[in-house]
Amino acid sequence: MTLTSRNDDVTLTSRNDDVTLTSRNDDVTLTSRSDDVTLTSRSDDVTRRIAVTGSGSGIGKALAASLRAGGDEVIGVDLKDADVCADLSTPEGRALAVESVLARSDGVLDGVVACAGVSGMTAQTVRVNFFGVTALLEGLRPALARAPKPRAAAVASISAVQPADPEVVRACLDGAEPQAVALAERAAERGEGWKLYPSSKSALARWLRSRAVSPEWAGCAIPLNAVAPGVVLTPMTAPLFEDEAMRAVMDQAVPMPLNGHAEPEVIADALRWLIAPENSHMAGQIVFVDGGAEATLRGPDVY
Ligand SMILES: NC(=O)c1ccc[n+]([C@@H]2O[C@H](COP(=O)([O-])OP(=O)(O)OC[C@H]3O[C@@H](n4cnc5c(N)ncnc54)[C@H](O)[C@@H]3O)[C@@H](O)[C@H]2O)c1
């Protein structure tokens, strides 16, 4: 008898009571007692292979650690100290990231989670948070389509419900990066840089909601959703906590009556469910894991 897994990483050969098992990932155990043989795997479909961007810090780092602890193989993508080092703010960096992840995954991915992002009042937010995320998800989509139960998720933000620059959002949704960047630079020059992070996340949420139900995503049985956090305690927000006035402004903008600011593991847990095999029917949802901020700000009539 020979058993070979989908990814050619597990092989079982048995001749009478002579049994050999080899596993590349050390996540499969075989026990044999004469002719009674049991094969067990830590996950129910051998190891899942998940690409996580922003794996070097904050939410992405917490997610990568949690997935690895659960037996999944993670291909981390970040600017440095990652399996794949690439700059998602440029078209060349995105192409390198997609190509490198595909090479490491043999062209088959069970999950992709786009966590990499930047805050700030410059056009970089548009480059990374919108074009970096959407290019990576689109670029890796064919590899997801080859997996038996593929899942994808992104990290949006409570900021997506705050005032944005409609022209920047429109240019993002039109896929016109040079125009979106030029508009963002102009907004920063006239003192409206504070609208750029909300603009990047608003565009991402809108893009995701329309793409999630398209033939390429829902039609290929790939759930695509996002978690929208409130304030999370990561290196991104650490500087805000050093300034009392800034912290007061933040707490007013993002009121979190349920348990206050969140640890990154809270967001990682929600992302894990979005990309779990159990999530078979959720599409295009922006799930607010924000301590009640969205419900407080938008009230009971928006749902
Ligand atoms: N921390 C919060 O309060 C909060 C709230 C809402 C949404 N978010 C979103 O969550 C995501 C993760 O944020 P975080 O708080 O963990 O931040 P973080 O700064 O701790 O981590 C972000 C990671 O993205 C990587 N990254 C940034 N620019 C990149 C680029 N050009 N190419 C490749 N990688 C790049 C960074 O190197 C870093 O490892 C972001 O999308 C952020 O917008 C965070």
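Tutor: The shell around the ligand divides by class into 14 nonpolar, 11 polar and two charged residues. In this division Ala, Val, Leu, Ile, Met, Phe, Trp, Tyr, Cys and Pro count as nonpolar, Asp, Glu, Lys and Arg as charged, and the others, Gly among them, as polar. The ligand is surrounded by 27 residues, of which the closest are Gly54, Ser57, Gly58, Gly117 and Thr234; a residue is near a molecule if its C-beta atom, placed from the backbone, lies within 6 Å of it. The model is predicted: local features need pLDDT of at least 70, side-chain atom pairs count only at pLDDT 80 or more, and totals for chains, interfaces and linings use all residues. Residues are numbered from 1 along each chain as its sequence is written.

The elements that give two or more residues to this shell are α1 and α3, and α1 gives the most, with three residues. Such elements are DSSP runs numbered from the N terminus, with helices being H or I of at least four residues and strands being E of at least two. The protein chain has 10 helices and 12 strands.

Helix α1 (residues 58–69) packs against helix α9 (residues 264–274) at an angle of about 60 degrees, with the axes 8 Å apart. Here axes are lines fitted to C-alpha atoms, for helices over the stretch in contact, and angles run from 0 to 180 degrees between N-to-C directions. That angle makes α1 oblique to α9, because angles under 35 degrees count as roughly parallel, over 145 as roughly antiparallel, 65 to 115 as roughly perpendicular and the rest as oblique. The crossing of α1 and α9 is right-handed; a crossing is right-handed if the near helix is turned clockwise from the far one by less than a right angle, and left-handed if anticlockwise. On the α1 side the contact is made by Gly58, Ile59, Ala62, Leu63, Ser66 and Leu67, and on the α9 side by Pro264, Glu265, Ile267, Ala268, Leu271 and Arg272. Two residues are in contact if their C-beta atoms, placed from the backbone, lie within 7 Å. The contact of α1 with α9 has eight nonpolar, two polar and two charged residues.

Within α9, the residues Pro264, Ile267, Ala268, Ala270, Leu271, Arg272 and Leu274 are buried. A residue is buried if 20 or more other C-beta atoms lie within 10 Å of its own, exposed if 12 or fewer, and partly exposed in between, with C-beta atoms placed from the backbone. The cover over the buried residues of α9 includes α1, β9 (111–114), β10 (151–155), β11 (224–229) and β12 (286–289). Asn259 is located in the loop between α8 and α9, and Asn259 counts as exposed because it has 10 C-beta neighbours inside 10 Å. Its phi is near 70 degrees, a positive value in a residue other than glycine.

The other helix named for the shell, α3 (residues 124–145), has an axis that comes within 10 Å of that of helix α5 (residues 177–189), and the two cross at roughly 145 degrees. This crossing of α3 and α5 is also right-handed. Val126, Arg127 and Phe131 of α3 meet Glu177, Ala180, Val181 and Ala184 of α5. The contact of α3 with α5 comprises five nonpolar, no polar and two charged residues.
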